[in-house]
Amino acid sequence: MIMKYVLSFHWVTEIIDKIIATTAMGSLKSPGLSLLLLSFLLYIADSYPNIDLSNMGCEECTLRKNNLFSRERPVYQCMGCCFSRAYPTPLRAMKTMNIPKNITSEATCCVARHSHEILIAGISVRNHTDCHCSTCYFHKI
Amino acid sequence: MEVTVFNCWLFFLMFSPAVPMCLPTDFTLYVEKPECEFCVAINTTICMGFCYSRDSNMRDILGPRFLVQRGCTYDKVEYHTAILPGCPIEANPVFTYPVALSCHCSACRTDTDECAHRASMDGTKCTKPVSHPPIHTLVMAAIL
């Protein structure tokens, strides 16, 4: 929790440093607007000191260009956020378990609904063409 | 030019589309035992929301190596105990349930959690009259 707050504070100080740098360079033409926006961000960050930055900017599951493979032609990859939840296991369900678990976790993950195989530098790569939130097969430990 | 780009980035950051994060959420748990007269409604807190995941372009060759798959689950949890009313002496009226103190996006731990895609919700419905009795709770802090 403390590390998350420190990371949030570090992120905000980076923004402050950038504003100071551009002001020092004499190239800042709208310091009032920039300071207003910064004040708003500081207010948000101060209101939620325990924000987990790994969850910030959680955009929907969709196609995005994979820059690593997009050399000769664009290659797309499914990524984004999907719904999941964890709750106490209902009594009735717990009785059917071989090893009763107190918590049930339901998760969906962003995966490709459709894709086709292409060759990139002789390597077989799947170019995703459609995405959806579906079963997570590799999220267990 | 640099200032304009910077201002646009700040503006975009404020209004870029985003979905709710993985957060503790109020939830009503319905507990019913066959030998007890009532179905008990218990207010608790669960974890619910959206987590980032990513599919791999090379899953056929490299398997799950570059996959990112996480679910919204309990980070810190506290266990509360409720006494179920209308239970015979020989039946155990004590019911212990988890309460989420904080949540995070993480892999599903199979040693403690039942990992499912979509579980059956039959167990959350009552077949007996619902009771909202005073709950005597024994808080047993179990921080994971």
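A disulfide is a pair of cysteine sulfur atoms within 2.5 Å. In general terms, a disulfide is a covalent bond between the sulfur atoms of two cysteines. The structure described here is a predicted model. By the distance rule, the count of disulfides over all chains is eleven.

One of these disulfides joins A:Cys58 to A:Cys81, with the sulfur atoms 1.9 Å apart. The pair links distant parts of chain A: A:Cys58 lies in the loop between helix H2 (31-47) and strand S1 (62-65), A:Cys81 lies in strand S2 (residues 76-88), and 23 residues separate the two positions. The torsion about the S-S bond of A:Cys58 and A:Cys81 is about -110 degrees, so this disulfide is left-handed. A:Cys58 has a relative accessible area of 2% and is buried. A:Cys81 is also buried, at 5% relative accessibility. When the bonded cysteines of chain A are counted along the chain, the disulfides follow the pattern 1-4, 2-7, 3-8, 5-9, 6-10.

In chain B, numbering the bonded cysteines in sequence order gives the pairing 1-6, 2-7, 3-12, 4-8, 5-9, 10-11. Among the disulfides of this chain is the bond between B:Cys36 and B:Cys87, with an S to S distance of 1.9 Å. Here too the pair links distant parts of the chain, 51 residues apart: B:Cys36 is in the loop between S1 and S2 of chain B, and B:Cys87 is in the loop between S3 and strand S4 (94-106) of chain B. The S-S torsion of B:Cys36 and B:Cys87 is about 105 degrees, so the disulfide is right-handed. B:Cys36 is buried, with a relative accessibility of 3%.

A further disulfide in chain B is formed by B:Cys51 and B:Cys105, whose sulfur atoms are 2.1 Å apart. Both cysteines are in strands, B:Cys51 in S2 of chain B and B:Cys105 in S4 of chain B, and the pair links distant parts of the chain, 54 residues apart. A torsion of about -85 degrees about the S-S bond of B:Cys51 and B:Cys105 makes the disulfide left-handed. The relative accessibility of B:Cys51 is 0%, so B:Cys51 counts as buried. B:Cys105 is buried as well, because its relative accessible area of 13% is under the 20% limit.

The strands S1 and S2 of chain B were then considered as a pair. Strand S1 (residues 23-32) of chain B runs antiparallel to strand S2 (residues 39-54) of chain B, and ten bridges join them. S1(B) and S2(B) form a hairpin, with six residues between the two strands. Within this pairing, B:Thr28 has B:Asn43 in S2(B) as its bridge partner.

Strand S3 (residues 71-83) of chain B contains B:Thr73. This threonine, B:Thr73, is buried, with a relative accessible area of 5%. Apart from neighbours within four places in sequence, the residues in contact with B:Thr73 include the cysteines B:Cys22, B:Cys47 and B:Cys103. Contacts of B:Thr73 in chain B also include B:His104, B:Ser106, B:Ala107 and B:Asp113, and A:Ala86 of chain A is in contact with B:Thr73 as well.

Charged side chains were examined next. Side chains of opposite charge can pair when their charged atoms come close. Eight salt bridges were counted over all chains. One of them is between the side chains of B:Glu32 and A:Arg92, at 3.7 Å from N to O. B:Glu32 lies in strand S1 of chain B and A:Arg92 in helix H3 (residues 91-95) of chain A, so this pair joins two chains. B:Glu32 is buried, at a relative accessible area of 15%, whereas A:Arg92 is partly exposed, at 41%.

A:Arg126 takes part in a salt bridge with A:Glu117, at 3.9 Å from N to O. The relative accessibility of A:Arg126 is 24%, so A:Arg126 counts as partly exposed. A:Arg126 also forms a salt bridge with B:Asp60, where the closest N and O atoms are 3.5 Å apart. A:Arg126 is in strand S4 (residues 123-135) of chain A and B:Asp60 is in helix H2 (residues 59-62) of chain B, so the pair joins two chains. B:Asp60 is exposed, with a relative accessible area of 56%. Through shared partners, the salt bridges join A:Glu117, A:Arg126 and B:Asp60 into one network.

Terms used. Residues numbered from 1 in each chain as written. Chains lettered and ligands numbered in written order. Predicted model: local features only at pLDDT ≥ 70, side-chain atom pairs only at ≥ 80, totals over all residues. Heavy atoms only, no water. Pairing = 2+ DSSP bridges. Helix = DSSP H or I, 4+ residues; strand = E, 2+ residues; numbered from the N terminus. Buried < 20%, exposed > 50% of the residue type's maximum accessible area, 1.4 Å probe, protein only. Contact = heavy atoms within 4.5 Å. Salt bridge = Lys/Arg side-chain N within 4 Å of Asp/Glu carboxyl O.
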